[in-house]
2 protein chains.
Amino acid sequence: MKTLIIALGGNALIRLGEEGTVGQMLDNLRAPIRQIAELSKDYQVVITHGNGPMVGSLLLQQEAALHVVKMPLQILVAETQGQIGFMIESTLDEELMKIGLDEEKLFLTILTYVKVDPEDPAFKNPTKPIGPAYPVRTQLGQVKTTKGWRRVVPSPKPKKIYQWREIKKLMELGSWIVIACGGGGIPVIKEEKRLYGVEAVIDKDLASSKLAEQIGADILLIATDVEKVALNYGKPAQNDLERLSISEAKKYLEEGQFPAGSMGPKIQAVINFLETGGKKAIITSIEKIKEALEGKAGTQIILDK
Amino acid sequence: MKTLIIALGGNALIRLGEEGTVGQMLDNLRAPIRQIAELSKDYQVVITHGNGPMVGSLLLQQEAALHVVKMPLQILVAETQGQIGFMIESTLDEELMKIGLDEEKLFLTILTYVKVDPEDPAFKNPTKPIGPAYPVRTQLGQVKTTKGWRRVVPSPKPKKIYQWREIKKLMELGSWIVIACGGGGIPVIKEEKRLYGVEAVIDKDLASSKLAEQIGADILLIATDVEKVALNYGKPAQNDLERLSISEAKKYLEEGQFPAGSMGPKIQAVINFLETGGKKAIITSIEKIKEALEGKAGTQIILDK
């Protein structure tokens with residue numbers, strides 16, 4: 001069976017306008033997870049996911065509580081891996097039961113930490129806004145965004161997913177579904193024989209692509225809130241793409257067609273994946289995962305002929 | 001190799017008088033995890049652990065933050081499984097590197113949910129204090145404790161560890177170290193093909209014992225803050241025990257020698273384990289794990305002749 005990595009965007013958990021109760025998140029997970037349960041008949045599946053609103057909420061809670069010990073960002077990322085991993089697993093458990101695969105399939109969440117380079121330029125130039133937005137500046141390290149003043153943290157590149165061996169081994173065993181790389185993974189720096197967590201966030205699509213490379217996955221599917229990658233997105237001349245070659249993707253990326261905060265890293269992730277041995281890459285919406293794999297939806301990103 | 005379950009008590013993370021910073025927790029983990037890394041040469045190890053202060057801290061933060069969505073207790077338990085699992089794993093990673101086993105061993109944290117019975121009498125009689133203590137009563141469902149008014153939640157019995165199949169499979173593979181049942185596991189109720197998390201906490205020693213039974217573990221070692229089980233604990237006539245038979249254990253438990261909040265569930269856990277096929281059970285301190293396994297420390301609980 002082919003190995004398929006499905007990266008779930010934030011809308012798999014919280015839809016626009018929702019506050020993000022547990023009930024809402026579990027409801028939202030139903031659509032993508034139902035498809036994934038079905039797909040597990042034909043593919044070895046690894047599920048990865050974001051954690052933006054959840055890690056923001058944990059930060060907000062920490063800031064509000066005066067008399068508790070503050071945990072650094074990497075620990076909060078680990079917490080969201082537990083929180084979201086459990087929600088995905090329990091939904092998956094139910095969907096596998098419904099199609100009678102619950103006895104056959106084994107599944108688990110792999111807490112994932114990811115090596116980053118302390119010399120990564122991102123540490124000198126933090127750009128990723130996280131956590132709550134304030135109407136005025138409340139502390140150092142905040143920048144003004146459209147939502148208000150927010151803390152920004154570095155977003156270094158993932159160099160190595162430490163748990164790749166465990167994930168590869170489970171894929172080889174043949175009946176496992178794995179949840180990994182939550183929130184892009186817990187960023188750590190390695191010095192000699194010590195590991196140090198660092199306050200940063202890793203892009204979950206770039207982490208998924210690195211994992212795909214390390215375990216030799218066949219297919220990377222990035223599920224987000226649009227069905228297709230588009231040129232001139234949101235403009236009258238918007239052009240949805242069914243196919244996109246790597247050379248076109250690079251050209252459009254350079255031209256600024258894909259913004260840094262949204263489609264940009266997804267395009268970069270699929271380019272990285274295809275250039276390091278990946279066979280098939282797809283970007284589509286969380287509703288169309290199965291159709292897109294059948295070639296009936298989404299944008300298929302392909303190697304140049 | 002024999003399968004060994006080591007249940008780490010709260011003092012593996014936070015010592016008396018500490019506030020529980022990440023640095024303190026990682027330092028405290030060093031002693032037990034170093035021994036466990038060594039033991040992984042000779043045993044298949046499953047590590048389980050508590051989460052009391054951490055889940056309390058998450059509750060306190062939630063209560064302090066007015067404008068965030070509140071997560072139910074079972075989700076906070078899942079968060080602590082991520083948080084503590086990562087701290088245990090990164091420490092284990094370092095200790096395996098130091099003894100040159102990092103290439104050979106695979107390890108991961110298994111988010112664990114545990115079936116409880118909705119008819120469990122604990123739901124009608126919540127007894128487990130969690131979270132912050134207040135000088136006055138601040139909400140319904142609080143009871144007065146020696147520390148102040150605290151919320152109490154039910155502590156139902158673990159009926160089944162859902163992830164037992166995954167854990168057993170990994171143990172069979174031979175080179176895996178698994179972290180599981182954090183905080184006693186995430187309590188869930190199953191109805192038809194749906195799983196519902198419930199606001200409760202499961203005793204981590206009872207959960208470890210249930211897991212031991214389900215995977216057919218050989219040895220259960222409970223690591224806590226005293227080296228030996230004692231009769232008349234804290235009194236002039238305190239009598240530390242090197243050996244304790246099941247029939248004696250039951251008798252002393254009935255006599256009230258082992259308080260419900262501390263040694264009681266540990267004794268019950270080892271009784272359950274030995275009566276369901278377990279071969280060897282030990283209670284000792286986190287410093288003496290290795291010595292106790294060699295029979296040089298701790299209390300060995302044994303089947304009656």
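Mentor: Two parts are said to be in contact when heavy atoms lie within 4.5 Å. The model is predicted, so local features need pLDDT of at least 70 and side-chain atom pairs count only at pLDDT 80 or more, whereas totals for chains, interfaces and linings use all residues. Residues are numbered from 1 along each chain as its sequence is written, chains are lettered from A and ligands numbered from 1 in written order, and side-chain values use heavy atoms, without hydrogens or water.

The residue is A:Asp203, in the loop between strand 11 (194–197) and helix 5 (204–215) of chain A; helices (H or I, at least four residues) and strands (E, at least two) are DSSP runs numbered from the N terminus. Apart from neighbours within four places in sequence, A:Asp203 is in contact with A:Ser155, A:Gly184 and A:Pro265. A polar atom of the A:Asp203 side chain lies 2.9 Å from the backbone nitrogen of A:Leu206. Between A:Asp203 and A:Gly261 the C-alpha distance is 9.8 Å, although 58 residues separate them in sequence.

In chain B, helix 5 (residues 204–215) packs against helix 7 (residues 263–275) at about 10°, with the axes 8 Å apart. Helix 5 of chain B is therefore roughly parallel to helix 7 of chain B, a label for angles under 35 degrees.

Turning to the interface, 59 residues of chain B are in contact with 59 residues of chain A. Between the two chains about 4800 Å² is buried, 68% of it from carbon and sulfur atoms; buried area is the accessible area (1.4 Å probe) lost on joining, summed over both parts. Chain B and chain A share two salt bridges, each a side-chain nitrogen of Lys or Arg within 4 Å of a carboxyl oxygen of Asp or Glu. In one salt bridge, B:Arg194 meets A:Glu94 at 2.9 Å, N to O. Helix 3 of chain B gives the largest share of the side of chain B that touches chain A, 16 residues. That side of chain B divides into 27 nonpolar, 14 polar and 18 charged residues.

Over all chains, the whole structure has 39 salt bridges. Within chain A, A:Arg34 pairs with A:Glu95 in a salt bridge, the closest N and O atoms being 3.4 Å apart. Because A:Arg34 lies in helix 1 (residues 22–39) of chain A and A:Glu95 in helix 3 (residues 73–98) of chain A, the pair ties together parts 61 residues apart in sequence.

Key: Axes fitted to C-alpha atoms, helices over the stretch in contact; angles between N-to-C directions. Parallel < 35°, antiparallel > 145°, perpendicular 65-115°, else oblique. Nonpolar A, V, L, I, M, F, W, Y, C, P; charged D, E, K, R; others polar. Polar contact = N/O pair within 3.5 Å; in protein donor to acceptor, adjacent residues only side chain to side chain.
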